[in-house]
Amino acid sequence: MVDVLKDYEVPEGMLDEVIKHLKSGSIAYEKFFELLSQMNMQEFKSLSDLAKLSFLNQGVTYALYDKNESVEQIFPFDLIPRIIDGPEWDRIEKGMIQRNMALNLFLHDVYNEGKILKDKVIPEYLIKSSVHYCRQMEGFTPPKGIYCHIAGSDLIRHSDGEFYVLEDNLRNPSGVSYVLTNRIAMRKVLPDAFKTIPVEFVSDYTERLLNAMWSVSGRDLGDIFCVLLTPGSFNSAYFEHTYLAQKMGIELVEGRDLVVEDDHVYLKSIGGHIRVDVIYRRIDDAYIDPDVFNPDSMLGLKGLMEVYNKGNVTIINAPGTGISDDKAVCAYVPDMIKYYLDEDPIISNVPTYICHKPEDLQYVRENVESLVVKPVDMSGGYGVCICDEMTIEERQELLRKVEANPRNFIAQPKMLLSLHSTFIEDADQFEPRHIDLRTFTILGANDPYVLKGGLTRTALIKNSLIVNSSQGGGSKDTWVIKN
């Protein structure tokens, strides 16, 4: 019979969420493991294969790049869900709403009056030197004052049991399609689990997103026309683009499908041009309008920013939101929360040393062997240096790079991401692996919404702290238990 915890060893000093919940008397894991105990290992593997087949049939893939080619593959998925109790999720949800309300106010402020910069809460140099600062947004306010309609914040649980925010993703947060398809797969292969365990739904996400898009469109509901702008089928997240467009019932378009006429954006169609009100763009600022940004871009639409600045189309997320993705700016979010909302952060940031600050740079020099050093503008786990895994020579070379361009780096203590039981096919057994959580928050003209669960990412390599799919990571279904 399947015994998830047989020969299960948690390294000393680490926090394993399964063990933590079982010791605290949480019954959801007990019920799930009881269900698994009624089958043998071969039956469990067959269910795992069935889940993979479900992903294959849905086209749930992503592109993994190397130096020579891009390989399309099924997103690795583990059948042991990550379970979060209702009261604990309530705190996460409130923390994410608080955080993103503050970030939205911050974006409006820095592109308009700049009070937080004048009051020297955040250095003006830090904002204006960001590669994602968009001067075309200065003096402009998007419809309903919403900049970050969709936000993906990455949380980790440290060995102290507390959740911390690692970083924010406001440009083009990805991964929500895997949350939705993970749940479809779990309901298909383990339907009995949902009969005995009261799990919150995630299927309302696309409806909530569409409602948010409608709420910032500027026209009456019957007239609103929304599109999802994709860079095309060669993009690593193209599955997500097609999935979300299909689930929302909106058009999936590329830049060549659109045209600007009479200060409006139109979709070209056989029956004539259709006016576009909302563009959910899944391409970066640099490529959305070759008249304003990268003149060589073939992905965007010439004249889009002029139409946008005249208020005749809404872009989701707004251009320029990427300054909040800058890891050095992220370190100031607790200050933003205090400044704009006069509240203490519900969920703290991971402590961060900003290398352009002389005192922080000195600390990094003196303590580099115990830190994790990151470029401020890279994602996907790329460029992350876990310094206690490097040689002395490698650390010295890293410090030379940091000192040559301190604005481009931050450092953080090595956080011991929580562990979770995960089936490892090569070992044919269940082993603890590090996990994180990407939450998804929607802001529109209506009440904010946080997807109940988010994407739990799993580092499938033993002892690895890098959970990104681009670095060989996988995912789990995230179950929030109803209160």
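**View 1. Which residues are buried in helix α10 (residues 238-248)?** They are F239, E240, H241, Y243, L244, A245 and M248, where buried means under 20% relative accessible area, exposed over 50% and partly exposed in between, with a 1.4 Å probe and protein chains only. Helices are DSSP runs of H or I with at least four residues, and strands are runs of E with at least two, both numbered from the N terminus. Every view shows a predicted model, in which local features need pLDDT of at least 70 and side-chain atom pairs count only at pLDDT 80 or more, while totals for chains, interfaces and linings use all residues. Residues are numbered from 1 along each chain as its sequence is written, and side-chain values use heavy atoms, with hydrogens and water left out.

**View 2. Helices α4 and α13 meet here.** The axes of α4 (residues 86-110) and α13 (residues 333-341) come within 9 Å and cross at roughly 80°; axes are lines fitted to C-alpha atoms over the stretch in contact, with angles from 0 to 180 degrees between N-to-C directions. The two helices, α4 and α13, are therefore roughly perpendicular to each other, a label for angles of 65 to 115 degrees. Look for Q98, R99, A102, L103, L105, F106 and D109 in α4, which meet V333, M336, I337, Y339, Y340 and L341 in α13. Contact here means heavy atoms within 4.5 Å. By class, the α4-α13 contact has 10 nonpolar, 1 polar and 2 charged residues. Ala, Val, Leu, Ile, Met, Phe, Trp, Tyr, Cys and Pro count as nonpolar, Asp, Glu, Lys and Arg as charged, and the others, Gly among them, as polar.

**View 3. Here is the largest cavity.** The structure holds 2 cavities of 30 Å³ or more, and the largest has about 70 Å³ of space. On a 1 Å grid over the protein atoms alone, a cavity is a set of points where a 1.4 Å probe fits but cannot get out, a pocket is an open set with protein on both sides within 12 Å along at least five of seven lines, and lining residues have an atom within 4 Å of a point. A volume is the space filled by probe spheres set on the points, which are joined across faces, edges and corners. The lining of the largest cavity includes H132, R171, D325 and K327, and strand β5 (residues 163-169) gives the most to it, with 3 residues. That lining has 2 nonpolar, 3 polar and 7 charged residues.

**View 4. The second largest cavity comes next.** Its space is about 30 Å³. Among the residues lining the second largest cavity are I150, Y280, I316 and N317. The peptide bond from I316 to N317 is cis, with omega near -15°, and N317 sits in the loop between β12 (314-316) and α12 (327-330). Most peptide bonds, by contrast, are trans.

**View 5. Now find the second largest pocket.** This pocket has a volume of about 310 Å³. Its lining has 16 residues, of which P76, F77, F423, E425 and L460 are the closest to the centre. Helix α3 gives the most to this lining, with 4 residues.

**View 6. C226 and its surroundings.** In strand β6 (residues 226-229) you can find C226, which is buried, with a relative accessible area of 5%. Leaving aside neighbours within four places in sequence, C226 is in contact with M213, W214, I250, E251 and V278.

How values were computed
Angles under 35 degrees count as roughly parallel, over 145 as roughly antiparallel, 65 to 115 as roughly perpendicular and the rest as oblique.
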